[in-house]
Amino acid sequence: MAIAALELMGFFFGLFGMLGNLVATLLPYWATSAHIGPNIVTAVVNMKGLWMECVYQSTGAFQCETYNTLLGLTTDLQAARAMMVISSIFSIMAIAVSTIGMQCTVCMDGSSFKSRVAGVGGSLFLLAGLLSLIPVSWKTHELVQTFHMQNLPASLKFEIGDCLYLGLASSLLSMLGGGLLSASYCDDLEGSRGTRRHYPYPDRNGPRGTSHLMPYHPATLHSNTNPKLANKNQTLNSHASTDTHSITPALDSRKSARQNTAAGYDVTGYV
């Protein structure tokens with residue numbers, strides 16, 4: 001029961017981590033313009049992401065432009081794109097595999113490889129979280145180093161965007177979920193679960209065909225030591241026997257009368 005709860009927690013942590021990574025990959029809030037020094041005009045906000053650059057104006061206009069070239073991009077941006085996409089693919093695969101291997105599902109029910117499948121799903125979550133953590137951490141380090149450069153104009157400095165915070169949290173959730181899912185496989189290796197109980201179903205490996213019938217013992221009459229009660233029972237039995245003897249001739253006479261009456265009719269029902 002406790003292992004099943006850990007697997008459910010790990011699955012939902014990995015699911016939330018996958019959703020966070022997808023949002024962080026698609027949105028352009030990786031870096032936002034820093035309003036420091038002479039660059040204190042907040043009427044225009046520049047934002048950069050993996051796939052596009054956007055400009056937000058105070059009038060409410062929001063304009064984005066995607067990168068027109070792929071090979072002309074910097075090496076770190078290309079690597080960040082590839083890692084985030086692969087991380088999302090691994091997260092989707094981990095969800096599919098973990099759904100099959102968890103105890104609360106009926107897929108591969110009774111198979112000895114069920115816990116191993118859950119462990120594979122947890123490993124995929126761990127790998128997905130690690131792949132998304134690398135570009136997020138690298139981009140955060142780059143923004144911090146660029147921000148503190150003295151010879152760089154203030155208009156070219158950027159601050160950490162919301163997608164980096166989201167990507168960091170999602171990576172940690174994916175790794176935590178993968179660790180919880182892998183616990184089921186580690187527990188199976190230790191041999192603590194010789195026969196997996198199919199949660200939430202009861203154990204169906206018990207012996208069949210065994211009947212738990214109690215032997216029937218007919219009631220026996222015990223002799224009574226009291227002579228008065230014994231005489232009374234004998235008197236009642238004698239009365240009952242005389243009554244049956246008296247009723248039997250009456251029943252015989254009625255049967256004979258019915259037979260005589262029926263003999264007076266033929267098959268057609270007339271006398």
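In this predicted model, helix α2 (residues 75–101) comprises 27 residues and spans 38 Å from its first C-alpha to its last, close to the 39 Å expected at 1.5 Å a residue, the expected span being 1.5 Å times one less than the number of residues. Helices (H or I, at least four residues) and strands (E, at least two) are DSSP runs numbered from the N terminus. Residues are numbered from 1 along each chain as its sequence is written. Local features need pLDDT of at least 70 and side-chain atom pairs count only at pLDDT 80 or more, while totals for chains, interfaces and linings use all residues, and side-chain values use heavy atoms, with hydrogens and water left out.

Pockets were identified on a 1 Å grid over the protein atoms alone, as open sets of points where a 1.4 Å probe fits, with protein on both sides within 12 Å along at least five of seven lines, and lining residues have an atom within 4 Å of a point. The largest pocket has a volume of about 470 Å³, volume being the space filled by probe spheres set on the points, which are joined across faces, edges and corners. Its lining consists of 23 residues, of which Thr74, Asp76, Leu77, Lys139 and Glu142 lie nearest the centre. Two or more lining residues come from each of α2 and α3 (114–147), and the largest share, seven residues, is supplied by α3.

The second largest pocket holds about 160 Å³ of space, and the largest share of its lining, four residues, comes from β4.
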